[in-house]
Amino acid sequence: MERTRDEHSPLDEAREAVDRVNAKAGRDLPAAIAVGVLLIAWVVLSMLFFVPGFVALVIIAIVLGSIELHRALQTHDRGTSAVVPIAVGGALTALGAYFSAGRSAEDAVLFVMAPLALTAVVALGWRLRGGPVHYVRDAAASLLSISYVPLMGSFLLLAVGESHGTLRIVAMILCVVASDVGGYVAGVLLGRHQLAPVISPKKTWEGLGGSVVLGLAMGWVTVHLLLGAPLWAALVFGLVVVLVGTVGDLVESLIKRDLGIKDMSGFLPGHGGVLDRIDSILYSAPIAWLLLHLLVPNA
C-alpha cells in the first residue's frame, strides 16, 4: 500500500534528524566527521611511524592556507598578497623548523628566522612592479598572511628534536582537537547562551564548557600520563590551549565576517577551508610549544 503524505518510515525520520543536526551545526556532519577522522589518523600514524609524513602535512596546510587567505582577501578587495613567495617561503620555513628542532639557538635563527625574514623581504619587493597604488594595502595583506600562516605553523615542527618530540606534537594537536570536539558536541546538544554573538553566533558558553572539560582530559592524558609532567602542569597546559585555541577560532571568524564569507574555501568537505580547520591549531601552536618547553622536562 502506498504511504500517505503524513506517514514517515524510520529511514525518513533518521534523515530528518540528521538534517536537523546539520542545520544546527551549520555543516555536513557526516562529511565533517569523516574528514576529521582522516586528518587525525594521518597525524597520529605519521607521528608513530613516519614523521616526514607529518612534516608534509604541515607544509601542505601552510601552502593551501596561504592560497586561501590570498584568494579571500583579493576577492573581497582587502589586498593582494604575494602568494607565490609566501607559499614557497612558508614551505621552506616549515622545513627549517623541522631541521632546526633540538639544535642550538643559532641554528634556529638560521633555519627558521632567516627563511621567514626572506619571505617578508621578497613579498614586499614582489609588489613593487604594481606601482604605488594600494601598495600599503597589499603589503599589509602579505605580512598578515606571513604572520598568520607560516610563522605560527612552523611552531608545530619545533618540538620534533626535543625529548619525546612526537608526543609533544601529539599533545599540541590533540588538545586543540579535543577542545574543538568538546565545544562542538556541547554546543550542538546544549548550546543556549551565545559566547560572542557579534563575531561567531554559533559559539556558546556551554560549548566553551565542553571544550574545557575535554581539553583538560586530553591534557591529563598527553602531558601527564604520556610525557610525565606534573598533573598541575598538564591541567595548565590543557586549559591555556583551550582558551588560546578558542580565541584563534574567533580571530579567524572575525576575518571571515569582515570579508563577508562563511568559509575560506571548499577544500575540506564539511569543514570549509584548511584555515577553517586549523585556525585554532595555528593560533595556539606558539603558546603550546612554549608551555611544553617550559613545563615538560627535556631529558
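**Figure 1. Confidence across the predicted model.** The protein averages a pLDDT of 84 in this predicted model. At least 70 is reached by 87% of the residues. Among the elements, helix 6 (residues 135–154) has the highest mean pLDDT, 95. Helix 1 (residues 10–25) has the lowest, 46.

Figure 2. Residues 1–5 have a pLDDT below 50. Beyond near neighbours in sequence, this stretch has 3 contacts in the model. Residues 12–25 also stay under 50. For them the model has 18 contacts beyond four places in sequence.

**Figure 3. The largest nonpolar core.** This core has 59 residues. Phe54 and Phe237 have the most contacts inside it. Seven helices are listed as each giving at least two residues: helix 2 (29–49), helix 3 (51–75), helix 4 (83–100), helix 6, helix 7 (165–190), helix 9 (231–259) and helix 10 (274–295). Helix 3 gives the most, with 11 residues.

Figure 4. Leaving out residues up to four places away in sequence, Phe54 touches Val43, Ser46, Met47, Leu156, Leu157, Ile169 and Ile173. Another core, of 6 residues, lies apart from the largest one. Its members include Ala82, Ile86, Ala120 and Ala123.

**Figure 5. Helix 3 packed with helix 4.** The two helices pack at an angle of about 155 degrees, their axes 9 Å apart. Helix 3 is therefore roughly antiparallel to helix 4. Their crossing is right-handed. Helix 3 makes the contact through Val51, Pro52, Val55, Ile59, Ile62, Val63, Ser66, Ile67 and His70. Helix 4 contributes Val83, Ile86, Ala87, Gly90, Ala91, Ala94, Leu95 and Tyr98.

Methods: Residues numbered from 1 in each chain as written. Predicted model: local features only at pLDDT ≥ 70, side-chain atom pairs only at ≥ 80, totals over all residues. Heavy atoms only, no water. pLDDT = per-residue confidence, 0-100. Helix = DSSP H or I, 4+ residues; strand = E, 2+ residues; numbered from the N terminus. Contact = heavy atoms within 4.5 Å. Core = buried A, V, L, I, M, F, W, Y, C linked by side-chain atoms within 4.5 Å. Buried < 20%, exposed > 50% of the residue type's maximum accessible area, 1.4 Å probe, protein only. Axes fitted to C-alpha atoms, helices over the stretch in contact; angles between N-to-C directions. Parallel < 35°, antiparallel > 145°, perpendicular 65-115°, else oblique. Left-handed = near helix turned anticlockwise from the far one by under 90°.
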